[in-house]
Amino acid sequence: MAQYKRLKGTQDIFGEETKYWYFVESKAREIFLKYGFKEIRTPIIESTELFKRSVGETSDIVQKEMYTFKDKGGRSITLRPEGTAPVVRAYVENSMINLGSPIKLYYMGPMFRYERPQAGRQRQFHQIGVEIFGTDTPISDAEIIILADELLKAFGLKNYKIKINSIGCEKCRPKYKESLKNYYNPLLPNMCHDCQKRYETNIMRLLDCKVDSKYSKDAPVILDHLCEDCKTHFNKVIKYLDELNINYEVDPKIVRGLDYYTKTAFEIEHLDLGAQSAILGGGRYNSLVEEIGGRETPAIGFGVGVERIILALKQENIEIENPEKIDIYIAYSGEKTDFEALKLSKILKKEGLKVFLNLSERSIRNQMKHANKIKAKFVAIIGENELKTETVTIKNMISGEQFEVEKFWVPQILKEKSLLE
Ligand SMILES: [Zn+2]
Ligand SMILES: [Zn+2]
């Protein structure tokens, strides 16, 4: 029995699992670069105040889910529970407005929330996200949604639905909230404890309560309460998406959990994932930069949950190549064969092959066993005999075929063979 165990809600990612992470991260980078995004890496720890200010004192995240502690200097520090606030903090602190506007940033990395762990929901979870700062045009909302769609397609996913809404602005939202309060007031005694609390603090969240969905059916719809500006904006976003034949549906129940969203809000749901079906969420947040001390700067972005994307990839049986597979294992035994093996390993790597050189003192037989265990496609064997005749014995581990090659021809022959496999 191992003495130490990983903490609840955390995972060790290794073996066959890593290919999914490699795939998702490298595909995301590839697509983001195509759209002109640049990477930002912010610290995992931030001052607690940042999240209280941005995510909101009344949110579940701040009230129940943050990993907050005092450091040795007595400062209150929090492990980031989400990706946007740190990026906004960095944008303001580094005066990125001077880098040209708009600016497009992406990030990836671990986030931390103290929640009940379940499939697709860990306490240390991983998010990939993008943010655009410095533009309020409908075309930027459209581009962000088009990017989200292209990203999921690049992952090979098909079975998802894009849901879009506008949640208004500081001009039109207060009136809408009033009409929601009037609507829910008589229903409240029958609703869940969370809803009764949120009635005062975050009334719009009552719309997406899973327990009380029957009550929200006839609730007033924000799209009927939008001001002229929000309405024009939303309609234009929709027109752009139609122009590019993006599949979406307008869903007035999309309200997003966080206080700082304005205008466009969207979510992508995977249809095979059950309770944790939201794989991507995003929207516009025009007041957040100012809220944490920057100049008024409109912004929009989205975040993807990597664990959930991986669940979706598995659900859709998407085949992913394992970048860690070994092309050739170099086995050797006998005096001075190690020198020959080192040289061959260098040449084969230069040819672009993935090479595992035996590093232990053991028999050829045991080296073959090891090669088999790590699923090498070929083994090159250098024994005393091969050393004398300046040859290498090659074994194809899949077909079992074995042959001797003059050592000069090994790279050539392996490249041809491994291309054929
Ligand atoms: Zn408005
Ligand atoms: Zn409820």
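Predicted model: local features only at pLDDT ≥ 70, side-chain atom pairs only at ≥ 80, totals over all residues.
Residues are numbered from 1 along each chain as its sequence is written, chains are lettered from A and ligands numbered from 1 in the order in which they are written, and side-chain values use heavy atoms, without hydrogens and water.

Let's start with the domains, whose bounds come from an automatic or database domain assignment. Domain 1 covers 15-172 + 226-315 and domain 2 covers 328-412. Their centres, taken over C-alpha atoms, are 49 Å apart.

Now to the metals. Donors are N, O and S atoms within 2.8 Å of the metal (3.2 Å for Na, K and Ca); water is not among the atoms, so sites may look incomplete.

| Zinc ion | Protein donors | Distance |
|---|---|---|
| ligand 1 | Cys169 (SG), Cys172 (SG), Cys227 (SG), Cys230 (SG) | 2.3 Å |
| ligand 2 | Cys192 (SG), Cys195 (SG), Cys209 (SG), Asp212 (OD) | 2.1 to 2.3 Å |

The site of ligand 1 is tetrahedral (four donors, all angles between 85 and 135 degrees), with angles of 102 to 115 degrees among its 4 donor atoms. Its donor residues follow the spacing C-x2-C-x54-C-x2-C. Cysteine 169 sits in the loop between β7 (160-166) and α6 (173-184), and cysteine 227 in the loop between α8 (213-216) and α9 (228-243), so the pair ties together parts 58 residues apart in sequence. Here helices (H or I, at least four residues) and strands (E, at least two) are DSSP runs, numbered from the N terminus. Cysteine 169 and cysteine 227 are both buried, meaning under 20% relative accessible area (1.4 Å probe, protein chains only).

For ligand 2, the 4 donor atoms subtend angles of 102 to 115 degrees, which makes the arrangement tetrahedral. The donor spacing there is C-x2-C-x13-C-x2-D, and both cysteine 192 and cysteine 195 are buried.

Key
Tetrahedral: all angles 85-135°; square planar, octahedral: opposite > 155°, others 65-115°. Buried < 20%, exposed > 50% of the residue type's maximum accessible area, 1.4 Å probe, protein only.
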